[in-house]
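Please open the model in your viewer and keep the selection tool at hand. The tour below moves from one selection to the next and says what is to be found at each stop.

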Amino acid sequence: TIVSNNVGDGAVYMLGSASNTVTGSYLQNLVGYGAYLDTGSNYNTISQSTMVAASASYMALYLGGSVGNTVTGSYIANQSGYGAGLDTGSDYNTISQSTMLAAGAGNSALWLSLADSNTITASYMQNLTGNAVMLDTGADYNTISMSTMVSNDASDEALFLSNADGNSVTGSYMLNSAGIGANVVSGSDFNIISQSSIVSNGAASVGLYLFTADSNTVADSYIA
């Protein structure tokens, strides 16, 4: 168990550190990051672990400029903000068999920005008051497979793509009980959703919404 109470720090913080393994551990900072892999922290593994934050300003798991890391079989939760975030230059990372939870409008259980070619598989992402998953500007060529994304907010989405190109969502379930299931907007082009279910139960919402988004493909999927 590693617990920090230092504002803005990580319970585990890596900078320029490669090929390390954290397993079977509990990582908590309620005023910072559960785990923070900073620039040049590459090819590390976090497995069978819990990462906890409770701040709108930080994340339970944050990767910034970190490549080729693996998070598996882990629980990632922030009761006041973003769950997991992959930021600028965080490429070729994998999150598998993990749960990511967030809270708060506009926040996401999983958020990617300027992060490419990452893989999310067999995972559960939930924010009942915001986005489950957001692929933000420059989050390109990422893959989400065999995963569940859940929201319950009229103003947010289970899956939200904005200026994100060439991403693939396959074999997955997206549910927003109060709003849009999947929202693909603002120059999000050449994305593929296949063999998936997209469900909205919102009274005035749709399962899938596309706006100023070109050359996207939806195949073999259920939309309601």
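A nonpolar core is a set of buried Ala, Val, Leu, Ile, Met, Phe, Trp, Tyr and Cys residues joined through side-chain atoms within 4.5 Å, where buried means under 20% relative accessible area, exposed over 50% and partly exposed in between (1.4 Å probe, protein chains only). The model is predicted, so that local features need pLDDT of at least 70 and side-chain atom pairs count only at pLDDT 80 or more, while totals for chains, interfaces and linings use all residues. Residues are numbered from 1 along each chain as its sequence is written, and side-chain values use heavy atoms, with hydrogens and water left out.

Select Met51, Leu61, Met100, Leu110, Met125, Met149 and Met174, which have the most contacts inside the largest nonpolar core, a set of 44 residues. A second, separate core has nine residues, among them Tyr33, Tyr36, Tyr82 and Phe160.

Next, select strand β16, residues 124–127; strands (E, at least two residues) and helices (H or I, at least four) are DSSP runs numbered from the N terminus. In a regular strand the side chains alternate between the two faces of the sheet. Met125 and Asn127 form the covered face of β16, whereas Tyr124 and Gln126 form the uncovered one.

Now follow the pairing, for which DSSP must find at least two bridges between two strands. Strand β13 (residues 99–101) pairs with β16 in the parallel sense over three bridges, and Thr99 has Tyr124 of β16 as its bridge partner. On β19 (residues 148–151), which pairs with β16 in the parallel sense over four bridges, Val150 is the bridge partner of Gln126.

Most residues other than glycine have a negative phi. Which phi does Tyr43 have? Tyr43 has a positive phi of about 60°; this residue lies in the loop between β5 and β6 (45–47) and counts as exposed because its relative accessibility is 52%. Ser186, in the loop between β23 (182–185) and β24 (192–194), also has a positive phi, near 55°, and Ser186 counts as partly exposed because its relative accessibility is 30%.
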